[in-house]
Amino acid sequence: MLWPFSASVVRQDWADRVVSPAYEGLGVEERRSLMLAQPDSYMHATRSPEDVGYALSPAELAVLNQMALIRLLRLGAFESRPAPAVYVYRLVGYGCRQRGIVGVVPLAAYRRGRIRPHERTHADREEMLSEFLALTSAQSSPVGLTFRGTPRVAALLDAVEAGAPPLLDFVDPNEVAQRVWEVTEPAFLEVLNEELEGQNLYVTDGHHRLAAGLVVSERVRRQREASSAAGGYLPSDIVLTTLGHEPPGMLPMPSGEAPGEAPEASTARDPTSDLLASDAILAALFPHDELRLLVFHRRVTPAVATDGAAIEEALGRLGSLEPIELAAAEPPRPGVFGVYLRRRWFRFTPTAGVRGIDSGWLQEHVLAPTFGIDDPEQTRNIEYISAMLGAEQVARRCDESGGVGFVLRPVTIETMMATADARQIMPPKSTYFHPKPRSGVFLRFR
């Protein structure tokens, strides 16, 4: 399930100004301000259309982001680590410590259902990310995955931490302390893959990056077959060679496996068999018992003509609205909501209780009938606000831009896993893992 790779890693003296802060924790204006103030931030290479401020096609945006990546490479912000390795990646911040293992996972495991999502993806976002992947052959934001941690995995990570000094040791713009250890010993991966055997992996961050990886994997396979007469190179290979990088190579694949099938951990490797590098994706695997699962709050503006008094009346028909202070806005338990309405805080408790996930109940019983929002994934009437910013930020944005704020309780990791195992989809922005893998620490050239 996890393979080593030849990485480029941000240099120690560049890390604090290159590694991006958590993207979801910043609004559009905050991201624009950060990029103006920090020209070396890797956020320049991961811009979304709204970050630019003017209309661009996915291909044009990919070129713009590629130019930012090329600039950092030419400035020497990254160090090539040619030996195949995995990396232990520790993040400490906001009262939480989590340790992951960064490597590559075969996309065939996703196709076969061993990597399980819990969110729906959108074609426009997939297209934007796949254009950048195809153009640059660079993966820089690990897909976050979790698995059921075991004492044996914890002991592996403890041993790495207690051993050699870290390759990287820095604090990012969100004041999250990050350390990275390079691991090349085969025994580490052998033990880890033994513990992963028979397990599923669950997507915690990067649903769209994973989907984009599948798109590019199929595209590259077709292009390489069609371009074999020209030596098997792609336009993106030219970009890499001009920067002094070797074009993407092949990953060794266990014997007895057909291309496109996930390798079994217990199978011996046969270096004469090849798996296209584009058939795997950069990922960070975290034991579930070290993760901190948060939630996104909502600022909602009506899609139909509805005033604050009508909204308050509609909520009153569904349950009780108890006036509270800001300090009590965080819900004490699932099935209860903090509501910021008409510049006042309330605790909203539905009379009939909440069945299922709070965000799903809110959509079905409040956002659709009262706000006229039938599709939360295709609307501009919902702003998602990271729980890291707190209820105070919800109120501030409502005061500045209007709307009603809803503060939710996070779901549990067990609920997220059960939803994914049942092949069900949660409403958008139902989960938020923090701290999460940052962009700009690792580069993998496909």
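Student: How many cavities of 30 Å³ or more does the count come to? And which residues line the largest one?

Tutor: Quick housekeeping before we go in. This is a predicted model, in which local features need pLDDT of at least 70 and side-chain atom pairs count only at pLDDT 80 or more, while totals for chains, interfaces and linings use all residues. Residues are numbered from 1 along each chain as its sequence is written, and side-chain values use heavy atoms, with hydrogens and water left out.

Now the count: four cavities of 30 Å³ or more turn up. A cavity here is a set of points on a 1 Å grid over the protein atoms alone where a 1.4 Å probe fits but cannot get out, and lining residues have an atom within 4 Å of a point. Points are joined across faces, edges and corners, and the volume is the space filled by probe spheres set on them. On that basis the largest cavity holds about 50 Å³.

Its lining consists of Arg 298, Ser 359, Leu 362, Gln 363, Leu 367, Pro 376, Ile 382, Tyr 384, Pro 427 and Pro 428. Two elements, α12 and β18, each give two or more residues to that lining. These are DSSP runs numbered from the N terminus, helices being H or I of at least four residues and strands E of at least two. Helix α12 supplies the largest share, four residues. Sorted by class, you get seven nonpolar, two polar and one charged. In this scheme Ala, Val, Leu, Ile, Met, Phe, Trp, Tyr, Cys and Pro are nonpolar, Asp, Glu, Lys and Arg are charged, and the others, Gly among them, are polar.

So what do those two elements belong to? Strand β18 is part of an open, antiparallel sheet of six strands, ordered β15-β17-β16-β19-β14-β18. The edges are β15 (319-324) and β18 (382-386), each pairing on one side only. On average, neighbouring strands of this sheet are turned by 25 degrees against each other, direction ignored. Strands of a sheet pair through backbone hydrogen bonds, and here a pair needs at least two DSSP bridges. Take β14 (residues 296-300) and β19 (residues 404-407): they pair antiparallel over three bridges, with Val 300 standing opposite Val 404.

Then the helices. Helix α12 (residues 358-371) lies across β14, β16, β17, β18 and β19, and runs at about 165 degrees to β19. Angles go from 0 to 180 degrees between N-to-C directions, with axes fitted to C-alpha atoms, for helices over the stretch in contact; contact means heavy atoms within 4.5 Å. Helix α11 (residues 308-318) lies across β15, β16 (337-341), β17 (344-350) and β19, at about 120 degrees to β15.

Stepping back, the chain has 14 helices and 21 strands, and 55% of its 446 residues count as buried, that is, under 20% relative accessible area with a 1.4 Å probe, protein chains only. Of the contacts between residues at least 6 apart in sequence, 78% join residues at least 24 apart.

You can see that kind of thing elsewhere in the chain. Strand β6 (residues 143-147) has five of its five residues buried, so the rest of the structure largely encloses it. Val 143, Leu 145 and Phe 147 are on one side, with Gly 144 and Thr 146 on the other. On pairing, β6 runs parallel to β12 (residues 280-287) over five bridges, where Val 143 stands opposite Ala 283. Three bridges also join β6 to β9 (residues 201-205), this time antiparallel, with Gly 144 opposite Asp 205.

Strand β21 (residues 442-445) is covered on both faces too, with Phe 442 and Arg 444 buried on one side and Leu 443 and Phe 445 on the other. Antiparallel partners of β21 include β1 (residues 5-10), over two bridges, where Val 9 has Phe 442 as its bridge partner. Strand β5 (residues 138-139) is also joined to β21 by two bridges, running antiparallel, with Ala 138 opposite Phe 445.

Setting aside residues up to four places away in sequence, Leu 69 touches Tyr 42, Ala 45, Phe 132, Thr 136, Ala 138 and Leu 443. At 2% relative accessibility, Leu 69 counts as buried.

Note on methods:
1 Å grid on protein atoms, 1.4 Å probe; cavity = no way out; pocket = protein on both sides within 12 Å on 5 of 7 lines; lining within 4 Å. Buried < 20%, exposed > 50% of the residue type's maximum accessible area, 1.4 Å probe, protein only.
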